[in-house]
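Please look at the model below with its sequence alongside.

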Amino acid sequence: MRRQTILTLRAFSIELVVYAALMVGYFFLVLHFLGQWLWNLEMQHRFVYAGVAIVLILGQAVLLEGLTTFLLRLIRGRSE
Amino acid sequence: MFFPISGAHISPIYLSIVGFVIGVLGGFFGVGGSFIAGPALRAVGLHWNFAVGTDLAHIVGKSVVAAKRHRALGNVDLRLGLIMALGTIGGAEVGAQLIQALKRTGHVDSVVSIVSIVIYVSISTFMIWESRKTLRSAGARKKTGKQDHSEFGHVTQWIQRLKIWPMVSLPVSGVKSISVWVIVFVAFIGGIFSGFLGGGAVYNRMPSMVYVLGIPTHLAVGTDLFEIIISASYGTISHAVKGNVDILIALVMNTGAAVGAQIGAISTQYFAGPKIRLAFVPLPLIGAAIVIYTLLTGHKL
C-alpha cells in the first residue's frame with residue numbers, strides 16, 4: 001500500500017514536469033495563433049463561436065486525458 | 001497574458017493553478033469548482049457574466065476527464081444522469097436569462113456576489129451540521145469502512161414513497177422506485193444555480209442527490225460529473241451566444257484541471273461518504289471569502 005502510494009506520487013511528479021514543459025509550448029504557440037481568430041469569430045459570428053468553443057474544450061479535454069493516462073502508464077510501467 | 005475576448009490581462013500560470021486545484025476538487029467531490037473558479041476569475045478583474053460563462057466552458061472539459069475516471073471505478077449511474085440532464089438544462093437556461101436581465105440593469109456584479117455569498121455559506125453550514133451528526137451516530141453504531149449513511153434517511157424514504165407517475169427504478173444507485181419528476185425538480189433547481197452562478201452547481205446538486213434522492217455519495221459524485229458534461233455544454237453554448245464566454249481562459253484553466261482531476265478521482269477510494277461530505281465544507285466558504293473580499297475592497301487579488 002505504502003509502496004503503491006510512493007509510486008503514484010512519483011508518477012504524478014514526473015507527469016507534472018513533462019506536462020509543464022508541454023504547456024509552455026502550448027501557451028506560446030496554440031493560444032497565440034488562436035487568440036485573434038477566436039476574437040474575430042466572437043465579434044462577428046457568435047453562433048459559430050459557440051460551436052467552436054465547445055468543440056475546442058471537449059477536444060482539448062479528451063486529448064489531455066489521453067496524454068495524462070499515457071504518461072501515467074508509461075511512468076508507472078517503468079517504475080514497477 | 002492578454003485575453004482579447006474578455007479584454008482581461010491574467011497570468012496563464014495563475015489560471016493553470018486555479019484549474020489544477022479545481023481539478024483535484026472535481027475528481028474528489030464531483031464538484032465543478034465554481035465556488036472557487038468564479039471568485040478566482042472575478043478576483044483578477046473578470047466581470048461576473050464572463051466569470052460565469054467561462055467557468056461553465058472550463059467545467060465541460062474538466063468533467064469529461066473526471067467522469068471518465070469515475071466511470072472506470074463504477075461510480076456513474078447513466079440512467080439517473082440522463083434524466084437529471086433534462087432538468088438541469090431547463091434550469092440553466094432560466095439562470096442564464098436572469099444573468100442577462102441583470103446585465104441590462106447594470107447590477108450583475110453586486111447581485112451575483114451577494115447571492116453567491118449567501119448560497120456558499122448556507123451550504124457549508126448545512127453540510128457541516130449533517131456530516132457531523134451522521135459521523136457521530138455512525139460512531140455510536142460502530143460503523144466502519146466506506147459504509148454510506150445519512151441522518152436525512154427518513155426524508156429520503158418519504159420522497160421515494162411519493163407516487164407521482166412516471167416512476168423509475170435506479171438499480172445502479174440502489175433505488176427501487178422514485179418519481180421522475182422529483183429527479184427533474186432537483187436537477188432543475190441545480191440548473192438555475194448553474195446558469196446564474198456558473199459551474200455545475202454541484203454544491204447544490206450533490207447534497208440534494210444524497211439527501212433528497214437517496215443516492216450513495218460515491219455514485220452521486222460520479223453521476224453528477226457525467227450529467228454536468230451534458231448540462232454544462234448546453235450552458236456554455238447558451239452563454240457563448242450571449243457573449244459571456246472567453247474560451248481561451250477556459251482552455252488554459254483546463255490544462256491544470258486535467259492532471260488535478262485524476263488525483264482527486266483516485267483519492268475517493270480511500271474515504272467514506274460522510275467524511276467526503278465533511279471535507280467539502282470549507283470549499284464554499286473559501287469562495288465566499290474571496291467574493292466578500294472583492295466586494296468590500298473592490299480590489300483584484
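Among contacts in chain B between residues at least 6 apart in sequence, 81% join residues at least 24 apart; two residues are in contact if their C-beta atoms, placed from the backbone, lie within 7 Å. The model is predicted, so local features need pLDDT of at least 70 and side-chain atom pairs count only at pLDDT 80 or more, while totals for chains, interfaces and linings use all residues. Residues are numbered from 1 along each chain as its sequence is written, and chains are lettered from A and ligands numbered from 1 in the order in which they are written.

Chain B contains 12 helices and 4 strands. These are DSSP runs numbered from the N terminus: helices are H or I with at least four residues, strands E with at least two. Of the 301 residues in chain B, 58% are buried, that is, have 20 or more other C-beta atoms within 10 Å of their own C-beta, placed from the backbone.

H9(B) is mostly covered, with 23 of its 25 residues buried. A kink of about 30 degrees is centred on Ile228(B), the bend being the angle between axes fitted to the seven residues ending there and the seven starting there. Just after H9(B), Gly243(B) has a positive phi of about 80 degrees.

The contact between the chains takes 29 residues from chain A and 27 from chain B. On the chain B side, helices H1 (12–29), H3 (48–72), H9 (217–241) and H10 (247–267) each supply at least two residues. H10(B) gives the largest share, 10 residues.

Notes:
A residue is buried if 20 or more other C-beta atoms lie within 10 Å of its own, exposed if 12 or fewer, and partly exposed in between; C-beta atoms are placed from the backbone.
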